[in-house]
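Please find below some comments on the model under review. They are set out as numbered points, beginning with a question on a single residue.

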Amino acid sequence: MSNITFEKFVLSKYANCPIVTDSKIASLYNISGDNVYLLPQGEQAKSFEHVQALCSWFLSRGLAPNDKVVAVGGGSIGDTVGFATSIYKRGVDILHVPTTLIAQIDSSIGGKTAIDLDGVKNAVGTYHFGDTLIDVDFLTTLPEQQLLSGQGELLKYRMLCQYVEAAYNDGKGSLTDVIKACVHYKQYVCDTDPFCRDIRSMLNFGHTVGHALELSYGIPHGVAVANGIYYETMLAAKLDICSHEYASKWMSVVSGKFHIYPLNEQILSVMTNDKKNMYGKVCFVLPEVFNEVHLTMDEVKELLLND
């Protein structure tokens with residue numbers, strides 16, 4: 001459905017394409033010119049206001065349905081540009097060039113686009129499948145905090161896929177091999193279930209609690225997902241969905257690498273707006289089998305706020 005390549009990103013190849021990035025990336029990699037549009041950094045880009053402005057820029061350039069837009073950046077750039085290209089003239093092609101570990105192993109693959117609305121993360125979105133070019137050299141300029149954030153999504157893939165865990169090899173594996181293992185696994189899952197009606201829901205593991213923590217504490221997405229993995233694994237053990245030995249192992253892995261942020265009723269209440277929820281219940285994807293489990297908010301509070 002989408003073409004994913006591992007190669008060097010050569011800016012001159014895209015001189016005739018609209019390129020969308022942010023000011024930091026543009027400065028780091030000397031991306032400039034009349035064909036370059038700058039979005040705000042991070043989650044601030046993901047709004048209707050910025051999507052409208054971007055679509056107006058497409059229109060001013062005479063962008064046609066057979067043209068291709070190049071999105072260079074992390075997950076927020078990919079989400080925003082993906083959404084804009086999905087609705088502009090009912091869809092124009094996009095090439096994702098992810099510059100962060102999270103984007104390379106996760107968000108640039110699978111066609112999900114999203115913007116935030118009224119404080120709810122990814123409340124509005126579409127499916128818009130595009131190609132991805134992965135240049136691992138981008139990671140050499142990535143700040144330590146963003147590399148750590150990427151480890152949160154990587155933890156998810158380590159738990160989901162034995163081949164990723166084997167490539168990781170207790171942290172001794174090649175980062176390129178680990179990224180490739182994640183990419184191949186996600187591409188397989190998304191090709192099998194492109195619209196998240198079956199096995200693709202597994203990829204939401206860690207994200208129900210994670211998104212609530214991200215919005216409440218303002219922490220990086222991957223750090224929030226790692227915390228979500230911690231609490232959702234705890235939840236699975238309390239429900240006897242996974243063994244306590246399994247839970248203890250992975251909770252120790254998370255707490256050994258990440259600060260664990262405390263939960264309270266106000267943070268849990270944020271989960272009521274999660275887009276996965278159904279029947280008035282909160283949806284979780286829980287290990288070890290990573291099936292969906294729906295719980296009332298009272299059940300969630302009882303399980304997560306009491307030892």
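1. Leaving aside its neighbours within four places in sequence, with which residues is Thr100 in contact? With that exclusion, Thr100 touches Gly74, Gly75, Leu139, Leu142 and Gln146, where contact means heavy atoms within 4.5 Å.

2. The model is predicted: local features need pLDDT of at least 70, side-chain atom pairs count only at pLDDT 80 or more, and totals for chains, interfaces and linings use all residues. Numbering starts from 1 along each chain as its sequence is written, and side-chain values use heavy atoms, with hydrogens and water left out.

3. Thr100 sits in the loop between strand 5 and helix 4 (101-107); helices (H or I, at least four residues) and strands (E, at least two) are DSSP runs, numbered from the N terminus. Thr100 counts as buried because its relative accessibility is 13%, the limit for buried being under 20% relative accessible area with a 1.4 Å probe, protein chains only.

4. Six strands form an open sheet in the order 1-8-5-4-2-3, with parallel pairing; two strands pair if DSSP finds at least two bridges between them. Strand 1 (4-6) and strand 3 (36-39) are the edge strands, each pairing on one side only.

5. Strand 4 (residues 68-73) and strand 5 (residues 93-98) run parallel and are joined by 6 bridges. Within this pairing, Val70 has Leu95 of strand 5 as its bridge partner.

6. Helix 3 (residues 75-87) lies across strand 2, strand 3, strand 4 and strand 5, at about 160 degrees to strand 4. Axes are lines fitted to C-alpha atoms, for helices over the stretch in contact, and angles run from 0 to 180 degrees between N-to-C directions.

Methods: Buried means under 20% relative accessible area, exposed over 50%, partly exposed in between (1.4 Å probe, protein chains only).
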